[in-house]
Amino acid sequence: TGDGVYKSADAGKTWTHLGLRDGQQIPMIVVDPTNADRLFVAVLGHPYGPNAERGIFRSTDGGRTFDKVLYKDENTGGIDVAFDPQNAQTIYAVLWEARQAPWENGAFSGPGSGMFKSTDGGATWRQIGRGLPTFDRDGLGRIGIGIAPSLPNRVFATVDAARNGGLYRSDDGGETFTKATEDARVVSRASDFAEVKVDPKNPDVVFTASIVAWKSTDGGKTFSALRGAPGGDDYHRFWINPDNPDIILLIADQGAIV
């Protein structure tokens with residue numbers, strides 16, 4: 001586990017510890033593209049037990065102080081957070097009630113998981129995602145979110161669930177979702193990878209990272225393998241150049257490729 005958030009003001013030469021030390025697992029940090037002092041941090045918390053320093057935190061002073069703006073309980077942490085690409089006052093976040101066991105691949109989820117949205121800069125939040133699997137009905141686990149930069153109302157979600165998991169799509173800003181594809185391979189091991197990205201200029205071009213890296217050109221209906229094969233590299237993250245989408249950085253267990 002880690003020990004909080006660090007900041008560099010000299011392009012990575014030196015670093016200062018800012019806080020959130022007891023969060024232990026910090027899966028995502030997003031910075032307002034128009035205001036470098038405003039950022040949100042998803043804090044998952046302790047992997048093996050309850051703790052209070054988890055949820056979604058906001059800073060408006062460059063990380064000198066943090067406020068907990070979205071919190072459910074000591075067992076539910078923040079796993080993802082993202083800005084609306086065209087409006088930084090709108091923020092999406094995912095909470096995940098998860099616990100690791102002391103043996104390999106021992107993992108447990110709970111009813112606190114879900115997707116949330118704020119339209120007032122993070123001051124207030126409400127749960128969204130009608131149509132997504134639920135914990136009571138489907139055994140909902142982790143959700144990963146990807147927003148189309150050129151069409152922000154289009155939101156994709158990778159969903160880990162015992163039943164009805166897969167890739168979901170919303171065209172109304174996350175209010176309602178329908179299953180994008182019946183191809184379960186594109187989000188295999190969704191609790192591990194949980195990665196979906198949309199081409200910066202074309203909302204119909206969608207990428208998911210899984211045991212194989214996948215690409216769709218029809219809005220998520222069908223996919224073809226971009227790289228890898230079953231039993232392959234285990235891909236985790238896509239970064240797509242916002243100015244030239246032909247340039248892609250793909251991160252796998254073994255490292256990164258361009």
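Q: What does aspartate 192 count as, by relative accessibility?
A: At 30% relative accessibility, aspartate 192 counts as partly exposed. The classes are buried (under 20% relative accessible area), exposed (over 50%) and partly exposed in between, with a 1.4 Å probe and protein chains only. The model is predicted, so local features need pLDDT of at least 70 and side-chain atom pairs pLDDT 80 or more, while totals for chains, interfaces and linings use all residues. Residues are numbered from 1 along each chain as its sequence is written, and side-chain values use heavy atoms, without hydrogens or water.

Q: Which side chain meets that of aspartate 192 in a salt bridge?
A: A salt bridge is a side-chain nitrogen of Lys or Arg within 4 Å of a carboxyl oxygen of Asp or Glu. Here the partner of aspartate 192 is arginine 189, at 2.6 Å from N to O. Arginine 189 is partly exposed, at 41% relative accessibility.

Q: How many salt bridges does the structure hold?
A: There are 14. In one of them, arginine 163 pairs with aspartate 138, and the closest N and O atoms are 2.8 Å apart. Arginine 163 sits in the loop between strand 13 and strand 14, and aspartate 138 in helix 1 (residues 135–138), so the bridge ties together parts that are 25 residues apart in sequence. Helices (H or I, at least four residues) and strands (E, at least two) are DSSP runs, numbered from the N terminus. Arginine 163 is partly exposed, with a relative accessible area of 44%, whereas aspartate 138 is buried, at 2%.

Q: Where else do salt bridges occur, for instance at glutamate 195?
A: Glutamate 195 bridges to lysine 197, with the closest N and O atoms 2.8 Å apart. Glutamate 195 is buried, at 5% relative accessible area, and lysine 197 is partly exposed, at 30%. Elsewhere, a network of salt bridges links Arg154, Arg169, Asp171 and Asp204.

Q: How is strand pairing read, and how many bridges join strand 7 and strand 8?
A: Two strands pair if DSSP finds at least two bridges between them. Strand 7 and strand 8 are antiparallel and share eight bridges. In this pairing, glycine 78 has leucine 95 of strand 8 as its bridge partner. The two strands form a hairpin with two residues between them. Strand 7 is mostly covered, with nine of its nine residues buried.

Q: Why is strand 5 described as largely enclosed?
A: Five of the five residues of strand 5 (residues 55–59) are buried, so the rest of the structure largely encloses this strand. Strand 5 runs antiparallel to strand 4, to which five bridges join it; leucine 39 stands opposite serine 59 of strand 5. Strand 5 also pairs with strand 6 (residues 67–70), again in the antiparallel sense, over three bridges. In that pairing, phenylalanine 57 faces lysine 68 in strand 6.

Q: Which strands stand at the edges of the four-strand open sheet?
A: The sheet has the order 12-13-14-15 and antiparallel pairing. Strand 12 and strand 15 (178–179) stand at the edges, each with a single partner strand, so one side of each lacks a neighbour in the sheet.

Q: Which residues touch the most other members of the largest nonpolar core?
A: A nonpolar core is a set of buried Ala, Val, Leu, Ile, Met, Phe, Trp, Tyr and Cys residues joined through side-chain atoms within 4.5 Å. The largest core has 20 residues, of which Met115, Leu132, Ile143, Ile145, Ala157, Val159 and Phe177 touch the most other members. Strand 7 (76–84), strand 8 (87–100), strand 12 (140–147) and strand 13 (155–161) each supply at least two residues of this core. A second, separate core of 14 residues includes Ala42, Val69, Ile91 and Ala93.
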